[in-house]
Amino acid sequence: MTPEAYMRQALQAAQKAVQDGGVAIGAVLVDNATGNVLASGESIVGVTHDPTAHAEINCIRAVAAQRGTDDLYDCTLYSTLEPCHMCLSAAAWSRISKVYFGAYRKDVDESLFDIKGDFSDEREDQLMNLRDGVTMDAQGGILEAECAALLATYHDFVDHRGQTNSSSPATE
């Protein structure tokens, strides 16, 4: 399968996240040897009241539990949105060597991120030491427009800071 095909599966997870009351962000974790999707994850922070329940983290947790190891070096992570610091670091700690994402931070509502400056996973990845002499490779822009459009149409009932969103479907 191609990166675009896996990203379409991540988009399906993002749509499921919205149906389940979460944020329109999805991810899948793929076994590099077989090409099988090992887990899909949804961003369900508001649903679970767990600030770490991001789509990427949920994938990593599921596969680590399935395998009984935190070493996921032979996996590739696909996310509909450029991973935040926490998710990129979790991918590094689990030694995921390749991360593909769809929309960039610049493509979405800036309130989704509390990052100042021009931080980019595509630059930060080279600082993530997975093994001796092996760094992470992050590549964005996979189905960028589709991923950004899904987030642009998403209206959260309460934003990530706990503020009521007056433009949510419930109040329109």
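User: Leaving aside its neighbours within four places in sequence, which residues is Asn58 in contact with?

Analyst: In this predicted model, Asn58 has its place in helix 3, which covers residues 55-67. Asn58 is buried, because its relative accessible area is 18% and the cut-off for buried is under 20%. Once neighbours within four places in sequence are left aside, the residues in contact with Asn58 are Gly41, Glu42, Ile44 and Ala53.

User: Which backbone oxygen does the side chain of Asn58 reach, and at what separation?

Analyst: Ala53 is one of the residues in contact with Asn58. The side chain of Asn58 extends to a backbone oxygen, and the residue and separation asked for are Ala53 and 3.3 Å.

User: Is Ala90 buried or exposed?

Analyst: Ala90 belongs to helix 4, made up of residues 85-93, and, not counting residues up to four places away in sequence, Ala90 touches Ile57 and Ile60. The relative accessible area of Ala90 is 18%. Since the cut-off for the class is under 20%, Ala90 counts as buried.

User: What separates the C-alpha atoms of Ala90 and Ile60?

Analyst: Ala90 and Ile60 are 30 residues apart along the chain, and Ile60 is one of the residues that Ala90 touches. The separation of their C-alpha atoms is 7.9 Å.

User: Where does Ser94 lie, and is Ser94 buried or exposed?

Analyst: Ser94 is placed in the loop between helix 4 and strand 4. Leaving aside neighbours within four places in sequence, Ser94 is in contact with Ile60, Asp70, Asp71, Leu72 and Tyr73. With a relative accessibility of 5%, Ser94 is classed as buried.

User: How many residues of strand 3 are buried?

Analyst: Strand 3 spans residues 75-81 and is largely enclosed by the rest of the structure. Cys75 illustrates this burial, with a relative accessibility of 0%. The count of buried residues in strand 3 is seven of the seven.

User: In which sense does strand 3 pair with strand 1, and in which sense with strand 4?

Analyst: Strand 1, residues 23-31, pairs with strand 3 over five bridges, and Ala27 stands opposite Ser79 of strand 3. Strand 4, residues 98-103, pairs with strand 3 over five bridges, with Phe101 as the bridge partner of Ser79 in strand 4. The sense is antiparallel for strand 1 and parallel for strand 4.

User: Strand 3 and strand 4 pair in the parallel sense; what is the hand of the β-α-β crossover from strand 3 to strand 4?

Analyst: Strand 3 and strand 4 pair in the parallel sense. The chain crosses from strand 3 to strand 4 through helix 4, and the crossover is right-handed.

User: Over which residues does pLDDT stay under 50?

Analyst: The protein has a mean pLDDT of 82, with 74% of its residues reaching 70 or more. The stretch with pLDDT under 50 has 19 contacts beyond four places in sequence in the model, and covers residues 160-172.

Terms used:
Residues are numbered from 1 along each chain as its sequence is written. This is a predicted model: local features need pLDDT of at least 70, side-chain atom pairs count only at pLDDT 80 or more; totals for chains, interfaces and linings use all residues. Side-chain values use heavy atoms; hydrogens and water are left out. Helices (H or I, at least four residues) and strands (E, at least two) are DSSP runs, numbered from the N terminus. Buried means under 20% relative accessible area, exposed over 50%, partly exposed in between (1.4 Å probe, protein chains only). Contact means heavy atoms within 4.5 Å. Two strands pair if DSSP finds at least two bridges between them. A crossover is right-handed if, with the strands pointing away from the viewer, the path from the first strand over the helix to the second runs clockwise. A polar contact is a pair of N or O atoms within 3.5 Å; within protein, one must be able to donate a hydrogen and the other to accept it, and residues adjacent in sequence count only if both atoms are side-chain atoms. pLDDT is the predictor's confidence in each residue, from 0 to 100.
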